[in-house]
There are 2 protein chains.
Amino acid sequence: MNDEFYMQLALDKAWEYQLLTYPNPAVGAVVTLNGTILAVEAHKKAGTSHAEVLALLKAYETLSKSTVDFDRMDAQKAHNFLHTIPKDFFSECSIYVTLEPCSHEGRTPSCATLLETLDLKKVIIGTKDPIEGHGGGMEYLKHCTSGILEEACQALIEPFMIWQKRAFVLFKLAQTTNGRIGGGYLSSKSSLRHVHQFREKCDTLLIGGNTVRTDRPTLDCRFTGGAAPDVMIYSKKDDIDRQMPLFTIKNRTVTVTDNLNFLEKPSFVLVEGGEGMLNALKEKIDWMLIYQTPKLSTNQLSYNIDMNLAFLHQDKKDVDLLLWSRRIGH
Amino acid sequence: MNDEFYMQLALDKAWEYQLLTYPNPAVGAVVTLNGTILAVEAHKKAGTSHAEVLALLKAYETLSKSTVDFDRMDAQKAHNFLHTIPKDFFSECSIYVTLEPCSHEGRTPSCATLLETLDLKKVIIGTKDPIEGHGGGMEYLKHCTSGILEEACQALIEPFMIWQKRAFVLFKLAQTTNGRIGGGYLSSKSSLRHVHQFREKCDTLLIGGNTVRTDRPTLDCRFTGGAAPDVMIYSKKDDIDRQMPLFTIKNRTVTVTDNLNFLEKPSFVLVEGGEGMLNALKEKIDWMLIYQTPKLSTNQLSYNIDMNLAFLHQDKKDVDLLLWSRRIGH
């Protein structure tokens, strides 16, 4: 198998945590030994161990037939431990990382320094870190190449690039396979949990006034147990009934507004809504995330909009299809 | 990585040739050496080398750093060659096959006998051959286990099981991501070529009278250069204009009928049509194959039907999503 095969494994793993690493980028890493896959890992949450670190820990466990006895998500402990491994332990191993290892000390120690110390046989990078002051990790490393599946590795971090300068806008939609959005709950529990994970992470949940008036949703994170997001209700008229459950949840702000200027602020904005919101936000949407249920329906509620997309990644969530796409033309 | 990982690689490869192996089942195979992947292959066409044989040839080439100099699709030549390889050549290798290797001599020699001779370290099988008189390949083999990703391996050969006893009915549909079927060509060239490959393979292309009257399609295989399929036009009234291109293609039979009894005959029937045909055939459809284009559209032509599906496999065809599903409830 070639470099592209291993990089694709790293990419697929990273997509499982897409946007959940906010404000960090999604990153995946694979460690191999003479072509044998020792570890496939991804960064899971900002402030915890990076993908490279998790993959190296896993590879260490596989090769040493042991288990590390500390919290592997604790980046400082993980780095400290990996720095104690004998210098030649990984000398025949290669690591594939979708993004150039960080050269700076942030909330976690530098991965480039770690990889320099461990001196792997090959370091293969998908794409260089495009953030000014973050790059340069490659320069520390011998036997390092970049540009494997570069376009796909760049697509993976597109949200990260966008939320450096303005809001990254994800429009989430649940539909049947023939594009109907009405008819009760459309998604599997696994899909619903996934949505609630995004609600936990996002800075703002943006929703259309009509959806609020009609569905009276709570918009909490009851399937994951996390804190409910702040909500912006996009409405020309401020006639929203303050008695509905949405307003009763503690420690959240709900704002009714017809002003979308807050999208200029670097942040992660999750949009939930139907045709109205889709058309109102048309020029603002970065990505669509469609949960497609395995069902054809005669329910007439659908959505009309002309929009070209590029499919970025597809996966299953229980019985549903999870379809990530980019809006084309911006 | 565990057995499931390698079996999934074999499955994914086999799906690339789903239905193209007709009347054989789709089968995938992976050869590994101490966890390193040496080959990922699939059966491509009935009468040619099976998946195991192609995978062993590829593994041989990888290990010996040489290239075989005969037509590897010629099963007899491939078997003859593999029988000459020293007995211990593959002794540290494992093979993963989605379906139990054939024990009988058919159009090609027995794969079970070949694997017995080559005496691999492990033979891992997805599902046993369910056809009476075909199974038993496992009994020849030492170090052989079965039942890895069994449900998925059984789904892979579901068409094969069905066309043993009656027609396997595949309903093909091209749509936008919001379920619209109107508005001109919806599919990428790669998707169109894929459809024409199925047209070449099927026994009958079934199409609705309304589609023929409205679209006046040619229903040939111009993107692949193969012979055009026999066509059944399903129509209550025999008022189809015989001057349209569909009728001018040589060596094909076109029948106008309102009788679907031909579906009782073991065969592969490809259905192309819209809402009318989908509803008319509702209880006869086995699988749906949806080519989903990365586009949302305001075109109003959609399709209404209540049908539960199970997603079986998804893949990309150029920019399109290829979505295989089974109709639930039969």
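The following paragraphs describe the fold, the chain arrangement and selected residues of a predicted model. Local features were taken only at pLDDT of at least 70 and side-chain atom pairs only at pLDDT 80 or more, whereas totals for chains, interfaces and linings use all residues. Residues are numbered from 1 along each chain as its sequence is written, chains are lettered from A and ligands numbered from 1 in the order in which they are written, and side-chain values use heavy atoms, with hydrogens and water left out.

Chain A contains nine helices and 14 strands, assigned as DSSP runs (H or I of at least four residues for helices, E of at least two for strands) and numbered from the N terminus. Its radius of gyration is 22 Å, close to the 20 Å given by the globule rule for 330 residues, so chain A is as compact as a globular protein of that length. The radius is taken over C-alpha atoms, and the rule is 2.2 Å times the number of residues to the power 0.38. Along the principal axes, the C-alpha atoms of chain A occupy a box of roughly 65 × 40 × 35 Å.

Of the 330 residues in chain A, 58% are buried; buried denotes under 20% relative accessible area, exposed over 50%, and partly exposed the range in between (1.4 Å probe, protein chains only). Among contacts in chain A with a separation of 6 or more, 71% join residues 24 or more positions apart, a contact being heavy atoms within 4.5 Å. Chain A carries 37 positive and 40 negative charges, whose mean positions are 6 Å apart. Lys and Arg count as positive and Asp and Glu as negative, without His and the chain ends, and the charges are placed at NZ of Lys, CZ of Arg, CG of Asp or CD of Glu.

Chain A is superposed on chain B by a rotation of 180° with 0.0 Å of shift along its axis (RMSD 0.0 Å). This is the relation of a two-fold axis. The superposition is by least squares on C-alpha atoms of residues with pLDDT of at least 70 in both copies. The copies meet through the same surface, because 100% of the interface residues of chain A are also interface residues in chain B.

B:Ser302 lies in the loop between strands S12 (295-296) and S13 (307-317) of chain B and is buried at 17% relative accessibility. Beyond neighbours within four places in sequence, B:Ser302 contacts A:Arg180, B:Gly179, B:Arg180, B:Ile181 and B:Glu275. A:Thr98, in strand S3 (residues 93-99) of chain A, is buried with a relative accessible area of 1%. Excluding residues up to four places away, its contacts include A:Met7, A:Val27, A:Thr127 and A:Cys153.

Most residues other than glycine have a negative phi, and most peptide bonds are trans. The bond from A:Tyr22 to A:Pro23 is cis, with omega near 5°, and A:Pro23 is placed in the loop between helix H1 (3-15) and strand S1 (28-33). In chain B, the bond from B:Tyr22 to B:Pro23 is likewise cis, with omega near 5°. A:Asn34 has a positive phi near 45° and is exposed at 55% relative accessibility. B:Asn251, with a positive phi of about 55°, lies in the loop between strands S8 (231-234) and S9 (254-257) of chain B and is exposed, with a relative accessible area of 79%.
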